[in-house]
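This report describes selected features of one protein chain. Please look over the sequence and the model before reading on.

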Amino acid sequence: MKKTTNFKELSPEQLSWTFDSTKFPFETTDKCKACDDIIGQGRALNAIQTGLNIKSIGYNIFITGMVGTGRTTTIKQLLEKMKKEEKTPDDILYVNNFKKPDEPTLITLPAGEGKLFKELMSRLIVMLRANIPELLKSKYYTEKRDSIIEFQQKKQKEILKRFKEEVAKEGFSVIQVQMGLFVKPDLIPLIDEKPTSFKKLEEMVREKKIPKEKLNELRKKYEELTDKLEEIFEAIKETEEKTRELLKEWDEESITPIIKGAIAEIREKFPYQKITEYLNDAEINLINNIDIFKAQKEEPKEVTDPFLVYRVNLLIDNSELKGAPVLIETNPNYVNLFGSIEASINRYGVLQTDFTKIKPGSFLKANGGYLVMNALEALIEVGVWPTIKRVLKHQIFEIQNYTPIYLISTSRLKPEPIKTNVKVVLIGDAYIYDLLYYLDEDFKKIFKIKAEFDSETPKDERTILEYASFIKKIADEDNLLPFDREGIAAIIEYGTRLAGRQKKISTRFHIIADVIREANYWTIQDNNKIVSRSHVEKAIEERFERVSLIEDKIQEMIEEGTILIDTEGSVLGQVNGLSVYLMGEFSFGKPTRITATTSVGRGGVINIEREAELSGRVHNKGVLILAGYLRGKYAQKKPFALSASIAFEQSYSGVEGDSASSTEVYAILSSLSKLPLRQDIAVTGSLNQMGDIQPIGGVNEKIEGFFDVCKINGLKGTQGVIIPYQNVQNLMLRKDVIEAVRQGKFHIYPIKTVDEGIEILTGVKAGKRKEDGTFEEGTVNYFVDQELNRLAKSWKEYEAAGEKSKDTKE
């Protein structure tokens, strides 16, 4: 066999990026200016600025990106700056529609005038309620009123007097007869000047005290006079009606000047058409309902305010607003966003409403400005998304209760629609954006601006200084201790680790801010006044310690031998693969034993995880690529008579990803070549059909996970990890790993091809293909090719034997 030992390793300097803290122009963050700008989101800022500056319909903004990248903070800062430069929107009011009470009238007034108009209308009612009753008590009013009543009563008396005289001449008298609760006038005959009923007269006829002819004559006169009595009382009623008309005319003549004068003053202050029309209708209504001022007693609370129709519902009061409104709606349900029409139960148990019960939501409060909310929260709330689309498309908004929410209907109001101009900003993730874009045709018309927030940004001198300024900002906001140069450098290095690339730095500032706060805590615990590197590292360590229970349990099982992992020796068809466990906010790496067995057959590469339905789609693809690589390299001139099975041993929860495809091919090559693989080396890397090793994710966690396992029995100086060479730029390893590499106790090998990896694992040259299509003798590829030839020959002989046996039977 052709042995090889010349393997390329990474130096300690390549395993991480460290910052020279002496480059900072200050000793501590106390000497640093706090950050006011958004860090590393130039693309998103340009998109947002475009959306905010274009005022055309549809240029609303959808912000995507990971949580903690500054999406909400950015939009808040931009809007706070912009709102001061923009015009303050109008006040919005609803008033009673005297012609159609179910359709309240909309009035818009310049900012601040709505509040004044409401106050003046309230003062008008107060003034009228005070002045009109006083007028009604005045001598000027009562004398004229009494004279009208006296004159009309005199006319009534004269009519009655003449009728009584006529009745008396005919021998009758007018009496009042009680009819239940009411009294009715009637006539009764006079006998010897004494009122005598007809019943009594009939008795007198029977007793022959009066002749029957006299009775009949009285009856006839009674009927004639009764008809005339009806005419008399009709005349009296007309007199009473005339009295009421004269009194009303007097009321209007005496009170109208007060009403007209008061309303004229308001009309002069608000020279707007809608105000004028409303005040004209209110004036007419007040004059026609003067009686409401005559009630001197206070109405009970449950009784409807008789002056409600003259009051003003000031929906939106912008009197104290400077510039455009900016609203952040944290609970975007239907009522909070679009308002409602409330109802109350009257004393009869009936729900009732009126224009004063119309309540605005955030959408109307943001009219003329900006409304920011979470996309997912808005989508899951009943009725919210269809209403948002409708309003943004048509720019018209009508306040109504959402029917499915208000199952009990009240007397329905239809307020006059409001013309709106609201710039909506939705904050969500890319998945929600794509879902809406492809499934909702209206979405792309009303959200024309997409702003993507990146989770990382290029790391340069400016960004590093901005990071220091960010530390200062958090320190100022939370009253934290200052960070020294090394403390700042540690935060920046952690940001680089989060980004996963040495040339990038993370923009997930909610995590960075938490580390800053926790480093401050450990500094206080250490009785120090300045946060340094050790405190930052302690904070990072404790953050992982809090959530690393599962990692510790797996490590324990490896130590106890429950999970079988070898870190010494060599084994045929067995290799240590590396997996990353994603636990939400925390992820860690651990080795997994991967085995392969081979035999003659036509099964190809059998993925045991797939057969057990524990394999994800990407992992399945990786295995198919692996099979393609084997066929392409070794089965060009012979049939591929191979059945190989690969398995992740002691894996019961599913496998996903293709980062183990190179590991799996090494196990198969080992089984075919009969060359054992080193167990002190763990492998990660994706494979393509040409045998190239491709980069993978989680490289730092994977290396550290195997390193921790190797430490169980002590580092032997031969252990290490094989990684794709492209992942070198992603390395930000722990200090203990780097120190072990520096001391030669641990090794990291970057490779580009499968051949490079198999040489490290077997210590045997991979071998190149010669001109005749065979491989160099004594190499891995030669042994693999020879074995495949043997399997192909065996398969051919087996088939031939089968055919011969078949012919013999026939």
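The sections below cover a helix, aromatic pairs, charges over rings and a pocket.

## Basis

The structure is a predicted model.

## Helix α21

Helix α21 covers residues 661-673, which makes 13 residues. The expected span is 1.5 Å times one less than the number of residues.

Helix α21 is mostly covered, with 13 of its 13 residues buried. Lys674 follows α21 and has a positive phi, near 65°.

## Aromatic pairs

The model contains 30 aromatic pairs. In one of them, Phe19 and Phe24, the ring centres are 4.9 Å apart and the planes meet at 55°. Planes under 30 degrees apart count as stacked and over 60 as edge-to-face, so the pair of Phe19 and Phe24 is tilted. Both Phe19 and Phe24 are buried.

Tyr433 and Phe443 form an edge-to-face pair, with 5.3 Å from centre to centre and 75° between the planes. This pair links distant parts of the chain: Tyr433 belongs to helix α12 (residues 430-439) and Phe443 to helix α13 (residues 443-446), 10 residues apart. Tyr433 and Phe443 are both buried. They also belong to one aromatic cluster, together with Phe62, Trp385, Tyr437, Tyr438 and Phe447.

## Charges over rings

Lys538 lies over the face of Trp522, at 5.0 Å from the ring centre. Lys752 lies over the face of Tyr725, at 4.9 Å from the ring centre.

## The second largest pocket

What is the volume of the second largest pocket? The volume is about 450 Å³. The pocket is lined by 20 residues, and those closest to its centre are Gly70, Thr73, Phe470, Lys473 and Phe509.

Helices α2 (71-83), α14 (461-478) and α16 (509-525) each supply at least two residues of this lining. Helix α2 gives the most, with 5 residues. By class, the lining of the second largest pocket consists of 7 nonpolar, 7 polar and 6 charged residues.

Note on methods. Residues numbered from 1 in each chain as written. Predicted model: local features only at pLDDT ≥ 70, side-chain atom pairs only at ≥ 80, totals over all residues. Heavy atoms only, no water. Helix = DSSP H or I, 4+ residues; strand = E, 2+ residues; numbered from the N terminus. Buried < 20%, exposed > 50% of the residue type's maximum accessible area, 1.4 Å probe, protein only. Phe/Tyr/Trp six-rings, centres within 6.5 Å; stacked < 30°, edge-to-face > 60°. Lys NZ or Arg CZ within 6 Å of the ring centre and 35° of its normal. 1 Å grid on protein atoms, 1.4 Å probe; cavity = no way out; pocket = protein on both sides within 12 Å on 5 of 7 lines; lining within 4 Å. Points joined across faces, edges and corners; volume = space filled by probe spheres on them. Nonpolar A, V, L, I, M, F, W, Y, C, P; charged D, E, K, R; others polar.
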